[in-house]
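User: I have a chain open here and would like to go through it with you. Can we start with how the pieces sit against each other?

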Amino acid sequence: AVSSAQLDVDGIALDIESTRRFDTCTTDVRNRRQLEFSRQLRSLLPGRSIGAIVLSPVWVETMPNSLWPYFPFYEQTGQGTHDVWVVMGYWTDMRNRFSTGWFEPYRYTVENVNRLRVRMGRSDLPVHIIGGVMSNARAGDLELFSRAARETGVIGASLYDWASGSPAMMQPL
């Protein structure tokens with residue numbers, strides 16, 4: 001965190017996630033550490049934009065063996081630690097036996113944005129949604145994703161790797 005304060009940038013975003021296989025602490029300890037780290041970073045970077053890159057609320061709440069059960073969304077309300085929430089709403093990765101119907105880009109995107117805003121208690125919460133991997137998108141997916149982004153009023157939407165998309169895929173975005 002101290003090194004990031006030395007960077008000549010307008011802002012940074014923290015990738016807040018856990019693989020759990022290498023994490024030996026309890027969820028309560030992990031939550032406490034995450035909140036404290038975010039507060040410390042805010043104090044080191046006054047006036048700079050700080051984003052929180054977080055797991056999808058749908059994934060955390062509905063998938064078996066979630067990587068971070070009981071993520072402290074609500075506990076961060078009013079903390080002033082993050083200016084934007086960047087949701088790893090990877091609908092391109094939800095096409096597996098655990099998806100329970102979440103593979104559809106529109107539904108997954110809308111549900112993630114809505115759940116995050118409800119958990120944070122802010123209907124105006126600035127959100128950027130990441131849809132996943134461009135090369136895993138199917139015909140029509142990007143129009144559904146774009147529509148969901150527009151309708152939820154997110155401040156940004158993206159997929160990666162941009163280079164893996166065709167010009168026809170870029171049109172809806």
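Analyst: This is a predicted model. Helix α2, residues 27-44, lies across β1 and β2, and its direction is at about 170° to β1.

User: What lies across β4 and β5?

Analyst: That is α5, which runs at about 155° to β5.

User: Back up a bit. How many helices and strands does the chain have?

Analyst: Six helices and five strands. Starting at the N terminus, the elements go α-β-α-β-α-β-α-β-α-β-α.

User: And what is the strand order in the sheet?

Analyst: The order is β1-β2-β3-β4-β5, in an open sheet of five strands with parallel pairing. β1 and β5 (156-160) are at the edges with a single partner strand each, so one side of each has no neighbour in the sheet. From one strand to the next, the twist averages 20°.

User: Take β2 then. Why is it described as largely enclosed by the rest of the structure?

Analyst: Strand β2 covers residues 49-55, and six of its seven residues are buried, so the rest of the structure largely encloses it.

User: How many bridges does β2 make with β1, and how many with β3?

Analyst: With β1 (residues 11-16) there are six bridges, in the parallel sense. With β3 (residues 84-88) there are five, and that pair runs parallel too.

User: Which residues stand across from I53?

Analyst: D15 stands opposite I53. In β3, the bridge partner of I53 is V86.

User: Now the other end of the sheet. How many bridges join β4 to β5?

Analyst: Four, and the two strands run parallel. H128 is opposite G156 of β5 in the pairing.

User: What does S146 touch, apart from its neighbours within four places in sequence?

Analyst: P172 and L173.

User: And G121, buried or exposed?

Analyst: Exposed: the relative accessibility of G121 is 56%, and exposed means over 50%. G121 is in the loop that links α4 (105-120) to β4 (127-133).

User: I was looking at G121 and Q76. How far apart are they?

Analyst: Along the chain they are 45 residues apart, and their C-alpha atoms are separated by 10.0 Å.

User: Now the whole chain. What share of residues is buried?

Analyst: 46% of the 173 residues.

Note on methods
Residues are numbered from 1 along each chain as its sequence is written. This is a predicted model: local features need pLDDT of at least 70, side-chain atom pairs count only at pLDDT 80 or more; totals for chains, interfaces and linings use all residues. Side-chain values use heavy atoms; hydrogens and water are left out. Buried means under 20% relative accessible area, exposed over 50%, partly exposed in between (1.4 Å probe, protein chains only). Two strands pair if DSSP finds at least two bridges between them. Contact means heavy atoms within 4.5 Å. Axes are lines fitted to C-alpha atoms, for helices over the stretch in contact, and angles run from 0 to 180 degrees between N-to-C directions.
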